[in-house]
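Subject: Structure for you to look at

Hi,

Here is the structure I promised to hand over. Please open it alongside this email; my notes follow below.

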Amino acid sequence: MDIRAYLRGEKITLSSMAKELGCSVTTLHGYASGRRSVPLRIVLKVEELSGGQVKPADWLFEAGNNNGVAA
């Protein structure tokens, strides 16, 4: 499940998730939309906060897009 679907389903705002992750809403939006590379610490924290509903593999984007999980 991608983070956007998780947030919608749980009725969690982007703002409250960003606060939990220690990043700005703009940064989290960039991660969720694939416009920014996602640091591994964020991937793991989202997995923890979502109770495993958002898995690390859910951050991988389509081939040809240079964004996604940053090692």
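Start at serine 50. This residue is buried, because its relative accessible area is 4%, and buried means under 20%. Serine 50 sits in the loop between helix 4 and strand 2 (69–70). A polar atom of its side chain lies 3.2 Å from the backbone oxygen of glutamate 47. Bear in mind throughout that this is a predicted model.

Overall layout

The protein chain has 4 helices and 2 strands. From the N terminus, the order is α-α-α-β-α-β. The chain has 71 residues, and 30% of them count as buried. Take the contacts with a separation of 6 or more: residues 24 or more positions apart account for 54% of them.

Helix 2 against helix 4

Helix 2 covers residues 14–21 and helix 4 covers residues 40–49. They pack at an angle of about 115°. Their axes are 10 Å apart. The crossing is right-handed. Which residues meet there? From helix 2 come Met17, Glu20 and Leu21. From helix 4 come Arg41, Ile42, Lys45, Val46 and Leu49. By type, the residues of this contact are 5 nonpolar, 3 charged and no polar.

Serine 15 lies in helix 2. It counts as partly exposed because its relative accessibility is 45%, and the partly exposed class ends where exposed begins, over 50%. Serine 15 is 14 residues from histidine 29 in sequence, and their C-alpha atoms are 9.6 Å apart in space. Leucine 40 belongs to helix 4. With a relative accessible area of 46%, leucine 40 is partly exposed too. Leucine 40 and proline 56 are 16 residues apart in sequence, with 8.5 Å from C-alpha to C-alpha.

The core

The largest nonpolar core has 16 residues. Which members touch the most others? They are Ile3, Met17, Leu21, Leu28, Val46 and Trp59. Helix 1, helix 2, helix 3 and helix 4 each give two or more residues to this core. Valine 46 is worth a click. Not counting residues up to four places away in sequence, valine 46 touches Ile3, Leu21, Val54 and Trp59. Valine 46 also takes part in the contact of helix 4 with helix 2.

Helix 3

Helix 3 runs over residues 25–33. Its buried residues are Thr27, Leu28, Gly30, Tyr31 and Ala32. What do they pack against? The partners are helix 1 (3–10), helix 2, strand 1 (38–39) and helix 4. Just after helix 3, glycine 34 takes a positive phi of about 85°.

One more backbone angle

Lysine 11 lies in the loop between helix 1 and helix 2. Its phi is near 55°, a positive value in a residue other than glycine. Most residues other than glycine have a negative phi. Is lysine 11 buried or exposed? Lysine 11 counts as exposed because its relative accessibility is 77%, and exposed means over 50%.

For a first look, I would open serine 50 with the backbone oxygen of glutamate 47, then valine 46 with its contacts Ile3, Leu21, Val54 and Trp59.

Best wishes

Methods: Residues are numbered from 1 along each chain as its sequence is written. This is a predicted model: local features need pLDDT of at least 70, side-chain atom pairs count only at pLDDT 80 or more; totals for chains, interfaces and linings use all residues. Side-chain values use heavy atoms; hydrogens and water are left out. Axes are lines fitted to C-alpha atoms, for helices over the stretch in contact, and angles run from 0 to 180 degrees between N-to-C directions. A crossing is left-handed if the near helix is turned anticlockwise from the far one by less than a right angle, and right-handed if clockwise. Contact means heavy atoms within 4.5 Å. Ala, Val, Leu, Ile, Met, Phe, Trp, Tyr, Cys and Pro count as nonpolar, Asp, Glu, Lys and Arg as charged, and the others, Gly among them, as polar. Buried means under 20% relative accessible area, exposed over 50%, partly exposed in between (1.4 Å probe, protein chains only). A polar contact is a pair of N or O atoms within 3.5 Å; within protein, one must be able to donate a hydrogen and the other to accept it, and residues adjacent in sequence count only if both atoms are side-chain atoms. A nonpolar core is a set of buried Ala, Val, Leu, Ile, Met, Phe, Trp, Tyr and Cys residues joined through side-chain atoms within 4.5 Å.
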